[in-house]
Structures are given as structure tokens and as C-alpha cells.
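Me: I am new to this structure and would like to go through it slowly, one question at a time. Please show it first.

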Amino acid sequence: RYGEAHTRFDVRKIREESQKHYRAVAAVTLFILGGLTGWVGHRFTTSQDRLVLAITPPAMAAHRVYTVEANHPVEVDATQEQYLVGWLSKRLDYPLRVPDLSEQGFHLMGGRLLPATTKGAAAQFMFGNGEGPETRVTLYCARSPTNKETAFRYAKDNGVSAYYWFDRGISYAVIGRIEKDDLQKISTSIHQQISTSTREAETVL
């Protein structure tokens, strides 16, 4: 009787130990699979969104930081437009041109040099049609990590909207706290001016 009880105890103990071992192995396996899935997902997301992440977050961040400035929203104001364009063109190692947004009711306020998350520097041009950050639109441009050309894409984060695209090795983003349709019209005008000037005189922006 003692032997039978001991045998049953041993079998139960072995079974419990086996179950614990199985659960441990399963947990480790799920952890590894989860890590691999996350890693693959990260690689996939990074591969798909690499261009987006290269321009929209820094462009939106710069817009938020500088459009709220009352006294120093720009580094070089519009009275020195020729100098501003020449300086930023040299820093980006790419010829720039400021688009005319008068038909959309905006005027150039000026611009500034910014750090780029891709290569070299980035440029920000600011336009306004009144007082306050809600009446300001910024144009951000930087070297693109690829020469791939894309159509307009739209993004929005915490009230700040952006239309962005890539053209001839440059990333562009038009940022504002305005209606989507209005921002699209401004972006379309900028894109047309850039495309036209590029074809005619090998200049961008």
C-alpha cells in the first residue's frame, strides 16, 4: 500500500514537474516569438515609413516651436530674402527659391536654418496672413534619404497638419494649423512652383 501511494505520489510529482517545465518552455517560446514578431514588425514599419519619419516629426516640431514666437519667429526676416535664400541654399547644398503665396493670402515672414535628421541641414520658411501661430504656415525642406518621387501625403498630429512629398532628392513638408483643404491648396501651389522652376532653371523651392 505504501509502495502504491509512493508510486502515485511520484507519478503526480513527475506530472506536475512536467507541466511546470512545459509552461516554462511555452513562456520562453512565446517570449522569443513575440520578440521576433516585434523585431520583424519594427523592421517592416521602419522600411515602409522611413521616408515619413525622416521629415514629418522634425517639420511639425519646428513648426510648433517657432510659429508661437512673437518677437523672433524667424532667424532672418523677409527684408533679407536674397541673403536668406542664398545662405540656406549653400547650407543644404541645393539651390532654393521661395514660393509666392500671395494668391493664397500669405506673405513671407522669413526663415531659419534647422538641423536635419537625414543629411546636412534643413531649411524652414515661414509665411503669415495675420497675427498669431494659427495664421502661420511653414515650409520645411531637407535632403531626402532617397531620390524617389512621391505624390502628396497627409498627416495630422495634435491639431497640426502637414502635406509632404519627395522630389528630386529633396523632402518637402507644408505645415499649418489651418483647414485641410486650405493647406492642400497652398501645398499644390508650392509644388507647382517648385516643379516649374526645376524644369525651367534647375532650381528648387
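Me: What is the mean pLDDT of the protein chain?
Reply: This is a predicted model, in which local features need pLDDT of at least 70 and side-chain atom pairs count only at pLDDT 80 or more, while totals for chains, interfaces and linings use all residues. Residues are numbered from 1 along each chain as its sequence is written, and side-chain values use heavy atoms, with hydrogens and water left out. pLDDT is the predictor's confidence in each residue, from 0 to 100. In the protein chain 68% of the residues reach 70 or more, and the mean pLDDT is 78.

Me: Which element has the lowest mean pLDDT, and which the highest?
Reply: Elements here are DSSP runs numbered from the N terminus, helices being H or I over at least four residues and strands being E over at least two. The lowest mean pLDDT among them, 54, belongs to helix H1 (residues 2–67), and the highest, 97, belongs to strand E3 (residues 121–128).

Me: What pattern does the protein chain follow along the sequence?
Reply: The protein chain holds three helices and seven strands. Read along the sequence, these elements give the pattern α-β-α-β-β-β-β-β-β-α.

Me: What percentage of the 205 residues count as buried?
Reply: Buried means under 20% relative accessible area, exposed means over 50%, and partly exposed lies in between, with a 1.4 Å probe and protein chains only. Of the 205 residues of the protein chain, the share that counts as buried is 40%.

Me: Are the rings of Tyr 83 and Trp 87 stacked or edge-to-face?
Reply: Rings of Phe, Tyr and Trp (its six-membered ring) pair if their centres lie within 6.5 Å, and planes under 30 degrees apart count as stacked, over 60 as edge-to-face and the rest as tilted. By this rule there are six aromatic pairs. Tyr 83 and Trp 87 are separated by about one helical turn, because they are four residues apart in helix H2 (residues 81–92). Their ring centres are 6.2 Å apart and their planes at 10 degrees, so the pair is stacked.

Me: Which residues do ring pairs link into a cluster?
Reply: Trp 165 and Tyr 172 form a stacked pair, with 5.4 Å centre to centre and 25 degrees between the planes. Trp 165 is buried at a relative accessible area of 0%, and Tyr 172 is buried at 0% relative accessibility. The cluster linked by ring pairs consists of Phe 152, Tyr 154, Tyr 163, Trp 165 and Tyr 172.

Me: Over which ring does the charged end of Lys 180 sit?
Reply: A charge sits over a ring if NZ of Lys or CZ of Arg is within 6 Å of the ring centre and within 35 degrees of the ring normal. The charged end of Arg 112 sits over the ring of Tyr 66, 3.7 Å from its centre. For Lys 180, the charged end lies 4.4 Å from the centre of the ring it sits over, that of Tyr 154.

Me: Is Gly 176 buried or exposed?
Reply: Gly 176 lies in strand E7 (residues 170–176). Not counting residues up to four places away in sequence, Gly 176 touches His 63, Arg 136, Gly 159, Val 160, Ser 161 and Leu 183. With a relative accessible area of 0%, Gly 176 is buried.

Terms used
Contact means heavy atoms within 4.5 Å.
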